[in-house]
Amino acid sequence: VPGVLYMLFQGLVALGAVAAVFASHGALDVLLTFAAAHGPIELTAIFIGTGAGVRTGVAPLLPGRRGRLAAFVATARESVALLGGACAMLVVAGLLEGFVSPSGLPPPVKWAIGLLSIVGMAAYFARAGRQQSGGAGGS
């Protein structure tokens with residue numbers, strides 16, 4: 001668990017260092033516009049993956065009412081679904097980073113794509129995991 005958190009911290013420090021270099025040269029807007037379309041999805045996927053890993057690593061340490069192995073296995077199974085979703089998100093982020101971010105699209109379009117991805121993820125995560133009602137009579 002500490003290793004995963006350390007790697008996440010190192011990645012964020014590197015991102016901050018790159019942003020500082022761009023800012024010191026008066027070009028922070030260039031970096032932010034480049035990352036606007038793919039950044040929200042990519043960063044969200046990275047945090048989901050990190051959370052799944054941390055959760056799996058902590059399960060045997062804090063098993064609750066289950067045995068350590070049972071807690072680990074159950075949590076690992078749930079985490080696989082999270083990681084599958086995070087991988088799909090990284091594919092989308094990679095496509096955006098490869099085709100939209102370096103393109104000649106106007107900056108407002110790139111920012112709009114990023115904003116739409118944030119709204120879409122928020123809508124999805126607000127509904128994710130909720131049970132659907134089987135009958136026609138309500139929720």
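**A walk through the helices**

G98 is partly exposed, with a relative accessible area of 45%. The model shown here is predicted. G98 sits in helix α4.

L83 is another residue of helix α4. Its relative accessibility is 36%, so L83 counts as partly exposed, between the 20% and 50% cut-offs. L83 and A17 are 66 residues apart in sequence, and their C-alpha atoms are 28 Å apart in space. What does L83 touch, once its neighbours within four places in sequence are left aside? L83 is in contact with G49 and A52. A52 is one of the buried residues of α3.

Now turn to α3 itself. This helix covers residues 39-58, which makes 20 residues. From its first C-alpha to its last, α3 reaches 28 Å. That is close to the 28 Å expected at 1.5 Å a residue. Which residues of α3 are buried? They are G39, P40, I41, A45, T50, A52, V54 and T56. The cover over them includes α1 (2-24), α2 (28-36), α4 (68-99) and α5 (107-127).

Take T50 as one case from helix α3. T50 has 13% relative accessibility, so it counts as buried, the cut-off being under 20%. Beyond its neighbours within four places in sequence, T50 is in contact with V4, L5 and L8.

Helix α2 has buried residues as well: L31, T33 and A36. What covers these includes α1, α3 and α5.

Next comes the pairing of α3 with α5. Two packed helices are described by the angle between their axes and the distance between the axes. For α3 and α5, the angle is about 35°. Their axes are 9 Å apart. Which residues meet here? From α3 come P40, I41, T44 and I48. From α5 come G114, S117, I118, M121 and F125. The residues of this contact divide into 6 nonpolar, 3 polar and no charged.

Leaving aside its neighbours within four places in sequence, A86 is in contact with A45, I48 and G49.

Last, look at the aromatic rings. How many aromatic pairs are counted? The count comes to 1. Y124 and F125 form this pair. Their ring centres are 5.4 Å apart, and the planes stand at 70°. The pair is called edge-to-face because that angle is over 60 degrees. Are the two residues buried or exposed? Y124 is exposed, because its relative accessible area of 55% is over 50%. F125 has 39% relative accessibility, so it counts as partly exposed.

Conventions: Residues numbered from 1 in each chain as written. Predicted model: local features only at pLDDT ≥ 70, side-chain atom pairs only at ≥ 80, totals over all residues. Heavy atoms only, no water. Helix = DSSP H or I, 4+ residues; strand = E, 2+ residues; numbered from the N terminus. Expected span 1.5 Å × (residues − 1). Buried < 20%, exposed > 50% of the residue type's maximum accessible area, 1.4 Å probe, protein only. Contact = heavy atoms within 4.5 Å. Axes fitted to C-alpha atoms, helices over the stretch in contact; angles between N-to-C directions. Nonpolar A, V, L, I, M, F, W, Y, C, P; charged D, E, K, R; others polar. Phe/Tyr/Trp six-rings, centres within 6.5 Å; stacked < 30°, edge-to-face > 60°.
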